[in-house]
Amino acid sequence: MESCQDESVFYKENIFELNSIYELIFNYSPIGIFCFDKNGNIVLFNEKFTEILGSERNKLINFNIFKNVKDSNILKAIEKCLSNNEVSYYGEYTSVTGNKTVYMRLILKPLLNNKDKTIIGGIGLVEDFTQQHKAEQDLILSKSQILAILDNLPSGAWLKDLDGKYTAVNQRFSEVCRKPFKKIIGYTDKDIWGSELASKIVEEDFKVITNKKKITNRVKFDLFGTEQIWEEFKTPVFGKDGEVVGTCGYFTDIKSNIETETALLNEKKYFEYLFNNSPDAIIITDKNSTVLRVNKKFVSLFQYSEDEVLGRNIDDLIAEGKEIETARNITLMAHSGNLTSYEAVRLKKDRTKIDVNILGVPITMPDGTVVVYGIYQDISKQKAEHKELIEARQKAVESDKIKSNFLANISHELRTPLNGILGFSELLMSEIKDDNHLDMINNIRISGNRLLETIDTIIDVSIIESNKLNLELTEVEIIDFIEKIIQPQSKVAFDKGLKFEFKYDSHIIFKTDRRIFQQIILNLVRNAVKYTNIGKITVGVSKAEVMGNSFLMVSVEDTGIGINKDDFDKIFQHFTQVSEGYSRRYEGTGLGLTITKHYVELLNGYITLESELGKGSIFKVFLPLNEDDIIESFDIFNNKKNKKKSLLLIEDNKANADFIYFCLKDLYDVDVTSKLSVALQLIDEKQFQLIIMDIIDNNIDSDILFLNSIKSKIKKIPVIALSSNKDRSQINYLLNSGFTDYLSKPFRKEDLRKIIFDNISNI
Ligand code: ADP
C-alpha cells in the first residue's frame with residue numbers, strides 16, 4: 001500500500017471508509033486472523049481462520065483457548081503472548097472445533113490498552129502450511145532415499161562444482177580414498193588423490209565441461225601401493241539455464257571382475273580344448289536329442305561335417321532299426337539326470353557300422369535346462385581283438401585237445417610195439433645160447449629201453465606243459481619204494497664197475513604221488529650212474545629240519561664228472577646238456593632234470609645241487625613232511641649204538657605170527673613164541689622194549705594173570721593186546737587190567753607199525 005501524503009487528513013475525511021477498508025481486509029484476508037482477550041476467550045476471528053481450522057463460526061464464538069485447547073505448544077505460545085511477547089510458532093495443530101490437523105504458521109502479537117499500555121489480549125495470524133510441509137517432507141524423504149542408495153552403491157559416486165571442488169560424495173567414495181567426508185567436501189582431486197592422478201582427472205573433467213558430453217573410461221593406476229582398474233563414468237551437470245554448473249559421476253572397481261572374467265575365459269578355453277581334442281567323439285544335445293555341438297573327433301569318426309549334424313536328431317542320424325528305440329530311451333534317462341553307459345552299434349555317414357561305448361552325461365545349465373553330453377568311444381578295435389582272442393582261445397583249446405589226444409595215441413602206439421620188442425628180447429635172451437646172438441639181442445633190449453625212456457620223458461614234458469598233471473596221493477613206504485626204483489640202476493652201476501650204496505636212517509610211510517616220486521628218484525639215480533665212470537653212487541634217505549620245517553631228504557651222490565658251478569642253473573632248463581662238450585659221449589634228451597625239478601616243486605619241495613668238476617655231484621631233494629601226510633615215521637636205529645629195538649611177540653597162531661614177524665622184521669629185532677613159559681624165560685634172558693600179546697577171547701582172565709606175571713618181572717614195559725573182539729567194554733577191561741594199548745584184528749601193516757611206534761617211542 002502506498003502511504004498517503006497527509007495521513008491525518010485522510011483519516012478525518014474518510015473515517016468510515018477506512019473502517020470499512022479494514023473490515024474488508026479482515027474478512028477477505030488469505031491469512032486467518034483471530035483476537036483473544038487476556039482470559040483466552042476468542043473475541044474476534046475472520047472467515048479464513050474458521051476455514052483453516054475446518055471449524056464453524058458459531059463453534060468459535062466464546063471459545064476459551066485455555067479451557068479447550070490441549071496442545072501444550074499452543075497454550076505456551078498464547079501465554080507467552082499474553083506476557084507481552086511476540087511469538088512465532090511453526091508446527092502441527094489439531095483443531096478442537098474443526099477436528100482438522102493443520103501444519104500452520106502462527107504469529108501472535110500482544111494487544112495493549114492505548115491508555116495505560118496494559119495487556120488486554122492478543123492477535124493471532126494463522127497461515128496453512130500443510131501442503132508445503134508435505135512437499136518438504138516428501139523432498140526430505142526422497143533425498144534420504146537417494147542418499148541411502150548412493151551410500152550403498154558398490155561404486156564411488158561424486159558431485160563437483162566448476163572449480164573442481166567436491167560438493168557431494170557417497171560412502172564408497174570415502175572408503176576408496178580413505179578420507180572422511182569432511183576432508184572431501186570442498187576439497188579438490190589434488191587434495192584427495194595426489195597431483196599425479198588428479199592431473200588426469202582434471203583433464204577429463206575439462207573435456208566433459210567443454211564438450212558438454214558424458215564419457216566412460218577404463219583406467220588403470222596405482223593407489224596406496226596396489227594396482228587398480230576402474231571403470232568410470234562422468235557427465236556434466238547443467239544449471240537451470242542450460243549452462244554447465246559442475247560435473248558428477250561414479251567409478252567402479254572392476255579388477256576382481258576382470259580376474260574372474262580372465263579365469264572364466266581360461267577355463268572356457270581349457271574345456272573347449274578338451275572338447276575339441278578329446279580322443280572320443282563328443283556331442284551335446286538338448287532334450288529333444290537335437291545336436292547343439294559336436295567335436296572334431298565326432299566329425300572324423302562319423303564322417304559327417306559339423307553343418308550336417310547341427311540341429312539334427314542324433315538318434316535318427318546314427319542309429320538304425322531297434323537301436324533307435326533303445327537310443328531314445330537312454331537319451332530320455334540321461335535327460336532325467338541319470339548317468340548312462342552302454343555298448344551299441346552306430347552308423348557312419350557311409351552306413352558302415354562301428355562298435356561304440358556310449359556315455360550319456362546329463363548337465364544342468366544355469367537356467368535349469370538339462371543338456372546331455374554324449375561321449376562315443378570307438379571300441380571296434382577292442383571288439384575285433386576280443387573276438388580274435390575268443391577264437392584263438394577256442395583254437396588253442398581245440399589244438400590242446402588234439403595234442404593231448406595225439407600224445408595219448410602216440411604214447412600208446414609207440415609203447416605197445418616197444419613192449420613187444422623188449423618182452424621178446426628178454427624172452428630170447430633166456431632162450432639163446434650163442435654168445436654173439438646174445439650180445440645182439442642184449443643190444444636190441446638196451447636200445448629199446450633207451451627209446452622207451454625217451455618216449456616217457458617227452459610225454460612227461462608234454463603233460464607238465466599242458467598243466468594236466470593231477471597229483472594222486474597214496475601211502476608210500478619210502479624205503480621199500482626207493483629200493484625197488486633203484487634196484488635196476490644198481491645193477492647197471494655194478495656192470496659199469498661202480499659201487500652202489502643205499503643208506504637210510506628213517507622209516508616213513510607218507511602220502512605222495514608214486515609215479516612222480518619214482519620219476520624224481522629214477523632221473524637222479526640214472527644221471528648219477530650215467531655221468532660216473534669210476535667210484536661210487538650213494539643214495540640216502542633221512543629226515544631233515546630246515547628253518548623249523550620237517551622234510552624228507554633224498555640225496556643222490558656220485559663220484560662222476562661233476563658240473564661246473566656256472567652251469568648249475570642251466571642244467572634245470574629244457575634240452576640243456578652241459579656235458580655236450582664231451583661230443584655227446586653221454587646220451588640223453590636234456591629234459592630229465594627239467595622234469596625232476598618241476599616234479600619236486602609240484603610236491604611242494606625243492607632240489608639242491610653241490611658239485612665239483614671231475615669230483616662228483618650231490619643232488620638233494622627236499623619234500624615237506626606234513627603231519628597229516630605222515631602215516632608212520634620212526635628212526636630205524638635207536639640212539640644207543642644204532643641197535644634195533646627188541647620186541648617179543650606172544651602168538652599161538654602160526655600164520656598170524658608169520659605175518660606180524662614179516663611186518664616188523666626190518667625195523668625190530670622180533671622174538672616170537674606161542675608158549676607163556678618160553679615167553680617168561682625170554683623176558684629173563686633179553687631186554688625187550690615192547691611185548692605184543694595175542695588175547696584168547698574166551699580166556700581173558702588167564703591172559704590178565706599172565707600179564708601180571710610179566711609186569712612182576714619188568715614193571716614199565718608196554719604190552720599191546722591183539723584181539724578180534726571189538727566190544728568196547730572188553731577193550732576197557734583189558735586197558736584197565738594193565739595192557740598199555742589195544743589193536744583189533746584184522747589189522748594192516750601200517751596200523752601195527754604205528755601202534756608200536758607210538759608206544760615204543762615213549763620209552
Ligand atoms: P640228460 O638227458 O642230458 O641227462 P638232464 O636234464 O637229466 O638231461 O641233465 C642235464 C645235464 O646236466 C646233463 O646233460 C649233464 O650235462 C648234467 N648232469 C645231470 N646230472 C649229472 C650228474 N650226476 N653228474 C654230472 N652232470 C650231470
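Reader: What is the bridge partner of glutamate 612 in β22?
Author: Glycine 616. This is a predicted model, where local features need pLDDT of at least 70, side-chain atom pairs count only at pLDDT 80 or more, and totals for chains, interfaces and linings use all residues. Residues are numbered from 1 along each chain as its sequence is written, and side-chain values use heavy atoms, with hydrogens and water left out.

Reader: What makes β21 and β22 a pair?
Author: Seven bridges join β21 to β22 (residues 616-624). Pairing takes at least two bridges found by DSSP, so the two strands pair. They run antiparallel. Strands are DSSP runs of E, at least two residues, and helices are runs of H or I, at least four, numbered from the N terminus.

Reader: Why is β21 called an edge strand?
Author: β21 (606-612) pairs on one side only, and so does β17 (499-504). The open sheet has five strands, in the order β17-β19-β20-β22-β21, with mixed pairing.

Reader: Which helix lies across β17, β19, β20, β21 and β22?
Author: Helix α19 (residues 514-530) does, running at about 30 degrees to β20. Axes are lines fitted to C-alpha atoms, for helices over the stretch in contact (heavy atoms within 4.5 Å). Angles run from 0 to 180 degrees between N-to-C directions.

Reader: Why is isoleucine 21 called partly exposed?
Author: Its relative accessible area is 36%. Buried means under 20% and exposed over 50%, with partly exposed in between (1.4 Å probe, protein chains only). The value falls between those cut-offs, so isoleucine 21 is partly exposed. Isoleucine 21 is found in helix α2 (residues 15-28).

Reader: Which residues of helix α20 are buried?
Author: Leu593, Thr594, Ile595, Thr596, Tyr599 and Val600, in a helix spanning residues 592-602.
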